[in-house]
Amino acid sequence: MFFVLICQANLFHYNYRMNADIASEALLGQAIWNSKQWVPDMWYPSTEVRLIGTANLSALFYGLCGSLKLAMGLACVVFVLWNILEIAYLFKEAEGGGKTVLSIFDFTHAGASCRL
């Protein structure tokens, strides 16, 4: 249910809480698509250059659909799904044999008791 609400908010109400940071990511996605460069020559990054981020993924979606709003919404949905899958993987590793830091918790029981 949580993922459905995230999808609904990102796809249909993406610009409801638009600010300069969100708008710049959308415009960077458009510039990436139009220039066909990972970091466009006309774009000056202020403090960081992300090699993988919503702007890069939204550039692909912008090329497919032509809408900045939909492209950024889809990019955000993909990254939320990626985060959910990462968390599920970490919990699976923690449950299955002590391969990660999370293995100090026992998630096999309903109470998720700690085995410190």
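## Helix α3 and what follows

Helices here are DSSP runs of H or I, at least four residues, numbered from the N terminus. This is a predicted model, where local features need pLDDT of at least 70 and side-chain atom pairs count only at pLDDT 80 or more, while totals for chains, interfaces and linings use all residues. Residues are numbered from 1 along each chain as its sequence is written, and side-chain values use heavy atoms, with hydrogens and water left out.

Helix α3 covers residues 54-65, and its 12 residues should span 16 Å at 1.5 Å a residue, which agrees with end C-alpha atoms 16 Å apart. That expected span is 1.5 Å times one less than the number of residues. Buried (under 20% relative accessible area, 1.4 Å probe, protein chains only) are T54, A55, N56, S58, A59, F61 and Y62. These buried residues pack against α2 (20-35) and α4 (68-95).

## How α1 meets α4

The axes of α1 and α4 (lines fitted to C-alpha atoms over the stretch in contact, with angles from 0 to 180 degrees between N-to-C directions) come within 7 Å and cross at roughly 160 degrees. So α1 is roughly antiparallel to α4, a label for angles over 145 degrees.

In contacts (heavy atoms within 4.5 Å), α1 residues including F3, I6 and L11 meet α4 residues, among them L70, V77 and I84.

## Confidence

Average pLDDT (the predictor's confidence in each residue, from 0 to 100) is 78, and 81% of the residues score at least 70.

Key:
Helices (H or I, at least four residues) and strands (E, at least two) are DSSP runs, numbered from the N terminus. Buried means under 20% relative accessible area, exposed over 50%, partly exposed in between (1.4 Å probe, protein chains only). Angles under 35 degrees count as roughly parallel, over 145 as roughly antiparallel, 65 to 115 as roughly perpendicular and the rest as oblique.
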